[in-house]
Structure formats: C-alpha cells, structure tokens
Amino acid sequence: MMTGTIPRAFATPAEMLEVQVYRSPSCNCCLKWADHLRENGFSVKVENRDDLADIKAKYGVPQDLQSCHTARVGGYTIEGHVPAQDISKLLDTKPDARGLAVPGMPLGSPGMEHPFRKHSYNVVLFGEARRLVFAQH
C-alpha cells in the first residue's frame, strides 16, 4: 500500500534533522528565516534569548561573520540568513568545518526579502583556521 510519506531510508537530510535557532525576541527577520527553512523541508525549533553572545562564542562564530541569529543542525553552526539549499548542500557534503555564515543582514537573503532591492552576498564556510566562499547569491 502506498502512502504519502517518504520512507526514512530515502528521506533528505532536511527531513531528518531539526534546526535549533537562537534569536533575539525583538528580531522578526529571524522568524521569516525559520519559515524559509520550514518551507524547504527542515524541522525548526526556535529559542528566544536576550543575549546571543554566549551562543556565538560557544560555537566559535567569528565576530566579523556574525549576524542576528545563530542556529545548529547536524553538528554545524549556521550564522545569519543562509539559504536552505546551502544548508542542505553542507549536510550532504559534510566538509570539515564549523559551519556556514552570511554576515550582516543582506537584502534579498532568506528572511530579508525586499520587493525592489537585492544585494549580492556570499555564504562563507568557516572553520578553526580557514574560510572559503561556499556559495554566491
């Protein structure tokens, strides 16, 4: 008998892993980014925190790569408005890195949509001693 569900053996990483998002209660773009992840098959849990500095320090997010929210998924740190497709690629390829970051809050990135403007931005793969451009948008 066929059902509408995907057998776990064939499920994508997004369907198997929950994204834990840490955000400031006053930041609405973080909720829009979480919705973007849900729309792309991720399970998302959001935790409001008044101070994110301890989370960013705990997971080794360099100060110049920081943004308004930090997330964890599959052992990686996701900083800022990283597109779901890039997170899926990270989870598929499993590089030796701490995670991905989109520094700042570029217009046009997921959660920062704007009807008339879109900034170009890089998704940065970061680790203990290296960084590289993982994706360009």
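**Entry 1.** I started with arginine 49, which forms a salt bridge with glutamate 47, the closest N and O atoms being 3.1 Å apart. For a salt bridge I took a side-chain nitrogen of Lys or Arg within 4 Å of a carboxyl oxygen of Asp or Glu. I then looked up accessibility, where buried means under 20% relative accessible area, exposed over 50%, and partly exposed in between (1.4 Å probe, protein chains only). Arginine 49 is partly exposed at 22%, and glutamate 47 is partly exposed too, at 29%.

**Entry 2.** A word on the ground rules. I am working with a predicted model, in which local features need pLDDT of at least 70 and side-chain atom pairs count only at pLDDT 80 or more, while totals for chains, interfaces and linings use all residues. Residues are numbered from 1 along each chain as its sequence is written, and side-chain values use heavy atoms, with hydrogens and water left out.

**Entry 3.** Next I asked myself: which side chain meets glutamate 79 in a salt bridge? It is lysine 56, with 2.6 Å from N to O. Glutamate 79 sits in strand S4 (residues 76-80) and lysine 56 in helix H3 (residues 53-58), so this pair ties together parts that are 23 residues apart in sequence. Helices (H or I, at least four residues) and strands (E, at least two) are DSSP runs here, numbered from the N terminus.

**Entry 4.** Then I turned to helix H2 (residues 28-39), which holds both aspartate 35 and arginine 38, three residues apart, or about one turn of the helix. The two form a salt bridge, and their closest N and O atoms are 3.0 Å apart. Aspartate 35 is partly exposed, with a relative accessible area of 38%, and arginine 38 is partly exposed as well, at 40%.

**Entry 5.** Which residue has a positive phi although it is not a glycine? I found lysine 94, with a phi of about 50°. Lysine 94 belongs to the loop between helix H4 (84-93) and strand S5 (99-102). Its relative accessible area is 60%, so I logged lysine 94 as exposed.
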